Amino acid sequence: METLLQYAINAALEAGKAIMEVYAQPFEVYTKDDDSPVTQADLRASNIIKEMLKPTGLPFVSEEDLPPDRSQFKRYWLVDPLDGTVEFVNRNGEFTVNIALIDDKQPVLGVIYAPVTDTIWYADGGHWTKDGGRKTEDKMFSDISTQSHVLSPTSSVPRPFTVLVSRSHRTPEVDAYINKVLRPAHPDLIIDTQGSSLKFARLAEGSADVYVCYSKTKEWDTAAADAILRAAGGKVLRISDGLPLEYSKKEYANPPFVAWAAGKK
């Protein structure tokens with residue numbers, strides 16, 4: 001598994017470099033059939049990741065490169081080359097590269113890379129890591145254990161119960177859930193906004209407690225983050241029945257869900 005993780009990390013870093021090249025100059029924004037935005041950064045990142053993961057021999061599924069049918073894929077890469085395209089277009093820095101490995105319908109490996117802050121989170125099975133602060137070139141590595149440090153998902157600093165919501169896709173249903181389900185138990189809760197899979201990263205780190213999502217998301221939006229949060233002891237549960245999110249469904253769309261930090265649900 002470690003070798004696959006190395007491939008995923010290096011692919012995410014290279015994709016991030018390409019994204020930042022586009023980010024540094026004027027770029028066109030196009031609209032896809034589902035009315036979501038896409039830029040040259042999305043497409044370049046997807047192509048780079050696909051090429052860099054080819055040596056693994058595993059099928060490749062990306063938001064920008066969907067196969068006609070994935071029903072026969074037991075183990076495959078599930079990629080969002082640029083999660084938070086709206087944030088990218090708005091130039092607020094809150095976008096990420098997401099790479100997940102799906103095995104038997106479960107996300108078992110995940111990488112999230114935030115190019116603007118040069119920070120990477122990754123998980124392999126029951127271990128998760130955050131790494132940042134070095135030049136990207138220095139992070140193209142083959143021995144992960146000597147290049148990273150593991151952070152505790154909990155913090156000793158007291159803070160209010162913190163609810164995360166999407167910066168760009170907050171819906172009335174989210175506020176209704178917060179007021180009906182969360183606020184009675186946590187009357188002094190605070191609500192914070194965040195873009196892309198960075199919300200999951202904050203839950204893994206323990207700087208927030210729960211993320212409520214009723215907006216339209218797809219499996220590639222959550223898979224890598226789900227793997228990391230699981231490794232940190234958290235959960236991503238469907239609102240309808242409290243069961244974990246499913247992957248490798250016939251359709252890619254996720255139902256409304258709530259993501260919990262470790263020990264919060």
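## The largest pocket

A pocket here is an open set of grid points with protein on both sides within 12 Å along at least five of seven lines. In this predicted model, the largest pocket holds about 820 Å³ of space. Its lining counts 34 residues. Ser36, His169, Lys216, Thr217 and Asp221 lie nearest the centre of the pocket.

Several elements contribute to this lining. Strand E4, helix H3 (85-90), helix H5 and helix H6 each supply at least two residues.

## The cavity

Rolling a probe the size of a water molecule over the atoms shows where empty space is left. Across the whole structure, a search finds 1 cavity of 30 Å³ or more. The largest cavity has about 40 Å³ of space.

Its lining is made of Val165, Ser166, His169, Arg170, Val174, Tyr211, Val212, Cys213, Tyr214 and Ser215. Strands E9 and E11 each give at least two residues to this lining. E11 gives the most, with 3 residues. His169 lines the cavity, and His169 is also among the residues nearest the centre of the largest pocket.

Strand E9 spans residues 162-166. Of its 5 residues, 5 are buried, so the strand is largely enclosed by the rest of the structure. In a regular strand the side chains alternate between the two faces of the sheet. Both faces of E9 are covered. Thr162, Leu164 and Ser166 are buried on one side, and Val163 and Val165 on the other.

E9 pairs with two strands discussed here. With strand E10 (residues 190-194), the pairing is parallel and runs over 5 bridges. E9 and E10 also belong to a right-handed β-α-β unit, with helix H4 (residues 172-182) as the helix. E9 and strand E11 (residues 210-213) run parallel too, joined by 2 bridges. Valine 163 has valine 210 of E11 as its bridge partner.

## Leucine 164

Where does leucine 164 sit? It is found in strand E9, opposite aspartate 192 in E10. Leucine 164 has 0% relative accessibility, so it counts as buried.

Beyond its neighbours within four places in sequence, leucine 164 is in contact with Asp192, Lys199, Arg202, Leu203, Ala208, Val210, Tyr211 and Val212. Take alanine 208. It is 44 residues away from leucine 164 in sequence, but the two C-alpha atoms are 7.0 Å apart in space.

## Helix H5

Which residues of H5 are buried? They are Leu198, Lys199, Phe200, Ala201, Arg202, Leu203, Ala204 and Glu205. That makes 8 of 8, so H5 is largely enclosed by the rest of the structure. Just after H5, glycine 206 takes a positive phi of about 90 degrees.

## The nonpolar cores

The largest nonpolar core has 34 residues. Leu78, Trp121, Trp128, Phe200, Leu203 and Tyr211 have the most contacts inside it. Elements giving two or more residues to this core are E4 (75-83), E5 (96-103), E6 (106-114), E7 (119-124), H5 (198-205), E11, H6 (219-231) and E13 (257-260). H6 provides the largest share, 7 residues.

Phenylalanine 200 shows how such contacts reach across the chain. Setting aside neighbours within four places in sequence, phenylalanine 200 is in contact with Tyr211, Thr222, Ala225, Leu229, Val236, Phe257 and Ala259. A second, separate core has 30 residues, including Ala15, Phe27, Ala45 and Ile49.

Key. Residues numbered from 1 in each chain as written. Predicted model: local features only at pLDDT ≥ 70, side-chain atom pairs only at ≥ 80, totals over all residues. Heavy atoms only, no water. Buried < 20%, exposed > 50% of the residue type's maximum accessible area, 1.4 Å probe, protein only. Helix = DSSP H or I, 4+ residues; strand = E, 2+ residues; numbered from the N terminus. Pairing = 2+ DSSP bridges. Right-handed = clockwise from strand over helix to strand, strands pointing away. Core = buried A, V, L, I, M, F, W, Y, C linked by side-chain atoms within 4.5 Å. Contact = heavy atoms within 4.5 Å. 1 Å grid on protein atoms, 1.4 Å probe; cavity = no way out; pocket = protein on both sides within 12 Å on 5 of 7 lines; lining within 4 Å. Points joined across faces, edges and corners; volume = space filled by probe spheres on them.
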